[in-house]
Amino acid sequence: MLKRLILVRGAEIALFVVLGALPLVVDSPFVLGLLTLLAIYGVALIGLDVTVGYLGQINLAQVAMLGLGAYLAGIAATRYGVGIPLAVLLSGVFCTVVGALLALPALRLEGPQFALATLSFTALCATALNELEWLTNGAQGLSITRPLLLGHALDARDFFWLCTAILALVWLAMRNLMTSQWGRAFEALRDSPIATDAMGVGTYRHKVAAFAFGSGLGGAAGALYAFNFVYLQPMTFVYELTVILLLGVVLGGRKSLWGAVVGAVLVAVLVALLPNLLSSPLLFRVFSGIAFALALVAGVRGLVRRKAAAFRALAPIAATLTLVVGSFLASNTEDWRKAIFALLLFSVVVGLPEGLMGFASAGLARLFRVAPPALPPPAPLDAVLPARPADGSVLLKLDALSCHFGGVRAVDGVDLTVKAGTIHGLIGPNGSGKSTLVNVVSGLYAPSGGELRLRGAALPRGKPVAAAKAGIARTFQNLQLFGGMTALENVMVALRGAWRVPLPLVLLGLGRLEELRGRAAALALLELVGLRGEARTRATDLTYGAQRFLEIARALARRPELLILDEPAAGLAQPDVQRLLEIIRRVQQRGITTVLIEHHMDVVSELCETVTVLDGGKVIAEGSPAQVKRDAKVITAYLGAAEPDAAPPGAAPAPAAPAGAP
């Protein structure tokens, strides 16, 4: 614990101590200007990393937030006498609101469409700043007077210290945020938006919150930018700076505060040296030659050691070689700056997807072997998953439920009653409508008709978050784990009722006690499914069987009234099937009602009290496992035809459809 405190927290303290001490030994105005830019861009890149690193979205609007924040602070200070702290706060709040308004429509898009939407917003902002001459002075630029701070005129050194202090505060707030439930939710929705909604977290709400928070940091950085340069022009906040900021996040390392600082160093250097770099053919040739040499060494090494695919190794070599050739052929490299940025960004994204800090962190971890913080003991299971009375009352009732996709009647007038405390089997051949039915019940699909009631109350229709909050939790036929997160974090994301500290207090670091209680609760559920020893293991590194069990533990974290298990035994080896049976029995002992979709008839026969059989979207049989296995309609559905003596009393069960079928 002490070693971790010294190496991790000590490194952070050392970073800001060194940054704060540099102006005492550096007299060069140029170097001091670079350091100030580093702090300003560090704030902007931490905000951009929320969207790019944690949400996995290409955000090209951060430079627009930088520009809006800069102009707002400049106008507020110059025309209305607003001081620096209030101007920074106003810019941050304003861009938070603007970011939320932009995110509401833009985040309904994915991938390239989202990137184009944010790029269009940046172009619109640049045009507006240029055309609104009565407010911004347009292309002539806006001159700003840096306000006094507590009656003191800030020189370059003082202003650097102010920017560094703000960067340190943002660093602390961001660290608190990303180690909280909010940070886990951001990561979870990037890995599996469907599962995030099904766990009651809410993908869209958290995406908007993340984008707005990052935009607010961009606005605050813009205010500092304005007071640093004391002169603004609209065309500063356009394509080149957009790509440089994105390059800084990717090259520094996504999902990393250290990566944001490393990226800020690169951005500050690029912004300061770019004019000289592109105006001097010799300097650009040297730069492109160094880039090519690094790409060549890394690519050849990756191929020889078989640690990189051919495309990942060769593409950066080709891109940087193009830069070298272009440096000799182009008469004026400044005319090709957009192509140069594109090649640099392509090289970094392909050749170094985890960035410099992602590359370095693995080596540092091996070198220092810093142990993670100790986990608390598991909480009592009765406190985490209170036992419910299994009184046999009606829990779930479906009346004439239907779900149509065009002319396809996937579910066609299904009546179903599930009693509290039971394990209710749902079987049928491939394409019978089982998965569609549970997707309707859990809110992933909206029904075309009929009624859904849980404890007599109407269930939300087509709203997975609302269905989860109503008391329904589920697993998926195709695993929907949060692969980049540990088993413990997967369960913590879904914990119901565990997170009550509001976001402002989380940013201040006042949610630590709640975090400890959440870990203890998640460990209790991992212990229930036999995965306590794998709490620190990433979900993608677990065995297939363990992944299935983890998904059950995560669903149980919702404290559901109804648990839906969608083919949990599919693909499991026999020892894991036996372990699964024991887990489901333990769940039933807690009084939790389970709907089990399964193709393994031995699992259904051993666990289920009542079985409903679907075929063609309709219920064709219902009863005990022994009864439905002797039903002529069931045999026909599975075999395709009923032989005259196919199902005498006591006959062997009908063969099941292949495991893993829908």
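Let's start with a pair of side chains: Glu 515 forms a salt bridge with Arg 184, and their closest N and O atoms are 2.8 Å apart. (A salt bridge here is a side-chain nitrogen of Lys or Arg within 4 Å of a carboxyl oxygen of Asp or Glu.) Keep in mind that this is a predicted model, where local features need pLDDT of at least 70 and side-chain atom pairs count only at pLDDT 80 or more, while totals for chains, interfaces and linings use all residues. Residues are numbered from 1 along each chain as its sequence is written, and side-chain values use heavy atoms, with hydrogens and water left out.

Now zoom out. The protein splits into domain 1 (38-279), domain 2 (284-353) and domain 3 (382-639), with bounds that come from an automatic or database domain assignment. Where domain 1 meets domain 3, 24 residues of domain 1 are in contact with 29 residues of domain 3, contact meaning heavy atoms within 4.5 Å. Across this interface the rule finds one salt bridge.

Next, look for an open sheet of four strands, ordered E4-E3-E6-E7 with antiparallel pairing. Strands E4 (408-419) and E7 (457-458) stand at the edges with a single partner strand each, so one side of each has no neighbour in the sheet. Strands are DSSP runs (E, at least two residues), as are helices (H or I, at least four), numbered from the N terminus; two strands pair if DSSP finds at least two bridges between them. Five bridges join E3 (residues 394-405) to E6 (residues 449-454), and Asp 399 stands opposite Glu 451 in E6.
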